[in-house]
Each structure stands twice: as structure tokens, then as C-alpha cells.
Amino acid sequence: MNYSFSVCSSELDYDAYLAFLLENYAHIRLPYPFPVTLSFLASPLLMGEAAFLICNEDNQVIGAFSYIRGTGERQYEDRHIVQIQVACIAEEHRCTRLFLYALQYFTQYLAHGEEQVQEFRFFAPSDDSLRRLFSKISSLTASLETDSGPLDEYRASFSEWHSYASQFRQTALFNS
């Protein structure tokens, strides 16, 4: 199966991004109330950063992900840090190599960008299966107890992610 990846660049793209994530809201599993989760989903659009769509060969959206640059602690001036706000793949496509293809696309996209990236950060629900998956490419740096449940923070160097993703054959269809 071929997949295409694209950066959201039009109102239709942004609508498709938000619609997909809202349709898959239950699968995102962030332990926050809906308004807080919605702010994570929309923050890349509001902050002028990138959101991405993953489509199948029938051009149906089957995944979406996005990021922002910088951290709140540093008023988003530490732009060498990329925080992944959300990454969601439709449930029926999760057992494929699609996550790897998305990682390849994302690291290539950032490698060719104007601003250098040194570190990735992201949060995920505290879950043993997610910890096994993310430990392959990131370090668990903190476990937080939120009002809505436990949350893990992960960090990784950009160079490690880019090297990891580059070692696999790229068979996905990459669009810019």
C-alpha cells in the first residue's frame, strides 16, 4: 500500500487535519479535558507551525501529526526544540510500517527546513505498550500525574531520530 504525506497549506487541509483528529479523539488518549486537548490539536495552526496529513492511495486521511517549536518555560524562544503536539494514525493502519514512514517524512522535512532542530519532545499517556514503542526512539524523562491521569514525557535528539528513520528502506510516497 502506498501512502502520501503532505504539509497542511490550505483551509481545506486544516479542516481535514482537525476533522480527522476530532473523529479519532478517543484514540488520542491524552489525559486532559477536551478543551485542553483541543488546544494541543490547534496550537500548531495558531502558532504558525506545521501540521501534516497522511492519506491512503484513495486519498482518504488516515493519519495526522503536528508540532510546535520551543517550550512554554522559555516563551517558545528555544526553537531548536520541537514539541510534537499530536500524532494519530487510524486504528486499522497501526500495525503497518506507517509510523516509520511518518517518522521518515517528518525528519526529512525538518532536516531540509531553515531552522536547525536539536531535540524532540512529546507527551503520551502512561501505558506499557506505548513505553515499549517509544523507548526504541526516545528516553522517558518524566512521569507526571495530572488531574486527568498519568502522562509520560519523552525526549530524543533529532540526529538519533533522523539516523533511526534513515536506516530503513523508504517505500512511502512522499509529497511536500
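**Exercise 1. Is Phe52 buried or exposed, judged by its relative accessibility?**

Before the solution, two remarks on the model are needed. This is a predicted model, in which local features need pLDDT of at least 70 and side-chain atom pairs count only at pLDDT 80 or more, while totals for chains, interfaces and linings use all residues. Residues are numbered from 1 along each chain as its sequence is written, and side-chain values use heavy atoms, with hydrogens and water left out.

Solution. Start with the cut-offs: a residue is buried under 20% relative accessible area, exposed over 50%, and partly exposed in between, with a 1.4 Å probe and protein chains only as cover. Phe52 has 0% relative accessibility and therefore counts as buried.

**Exercise 2. Describe the ring pairs that Phe52 makes with Tyr67 and with Phe106.**

Solution. A pair of aromatic rings is described by the distance of the centres and the angle of the planes. Rings of Phe, Tyr and Trp (its six-membered ring) pair if their centres lie within 6.5 Å, and planes under 30 degrees apart count as stacked, over 60 as edge-to-face and the rest as tilted. By this rule there are 18 aromatic pairs.

Take Tyr67 as the partner to begin with: its ring centre is 6.3 Å from that of Phe52 and the planes stand at 25 degrees, so this pair is stacked. Because Phe52 lies in strand 2 (residues 51–55) and Tyr67 in strand 3 (residues 61–69), the pair ties together parts that are 15 residues apart in sequence. Strands here are DSSP runs of E with at least two residues, and helices are runs of H or I with at least four, both numbered from the N terminus. Tyr67, with a relative accessible area of 4%, is buried.

Now take Phe106: the ring centres of Phe52 and Phe106 are 5.8 Å apart and the planes are at 75 degrees, so this pair is edge-to-face. It links distant parts of the chain, since Phe52 is in strand 2 and Phe106 in helix 4 (residues 98–111), 54 residues apart. Both Phe52 and Phe106 are buried.

**Exercise 3. Check the span of helix 4, and work out how many of its residues are buried.**

Solution. The expected span of a helix is 1.5 Å times one less than its number of residues. For the 14 residues of helix 4 this gives 20 Å, and the end C-alpha atoms are 20 Å apart, which agrees. As for cover, 10 of the 14 residues in helix 4 are buried, so that the helix is mostly covered; among them are Leu98, Tyr101, Gln104, Phe106 and Leu110.

The next step is the core, where a nonpolar core means a set of buried Ala, Val, Leu, Ile, Met, Phe, Trp, Tyr and Cys residues joined through side-chain atoms within 4.5 Å. The largest one has 45 residues, and those with the most contacts inside it are Phe5, Leu21 and Phe106. Helix 4 gives the largest share of this core, seven residues.

**Exercise 4. Trace the salt bridges of Glu115.**

Solution. Side chains of opposite charge can pair when their charged atoms come close. Here a salt bridge is a side-chain nitrogen of Lys or Arg within 4 Å of a carboxyl oxygen of Asp or Glu, and a search of the whole structure finds seven.

One of them joins Arg69 and Glu115 at 3.8 Å, N to O. Arg69 lies in strand 3 and Glu115 in the loop between helix 4 and strand 5 (119–125), so the pair ties together parts that are 46 residues apart in sequence. Arg69 is buried, with a relative accessible area of 5%, whereas Glu115 is partly exposed at 32%.

Glu115 also forms a salt bridge with Arg79, the closest N and O atoms being 2.7 Å apart. Arg79 sits in the loop between strand 3 and strand 4, 36 residues from Glu115, and is partly exposed with a relative accessible area of 30%. Glu49, Arg69, Arg79 and Glu115 are linked in a network of salt bridges.

**Exercise 5. Give the phi angle and the place of Asn59 and of Gln75.**

Solution. Asn59 has a phi near 65 degrees, a positive value in a residue other than glycine, and its place is in the loop between strand 2 and strand 3. At 59% relative accessibility Asn59 counts as exposed. Gln75 has a positive phi of about 55 degrees although it is not a glycine, and it is found in the loop between strand 3 and strand 4 (81–89). At 57% relative accessibility Gln75 counts as exposed.
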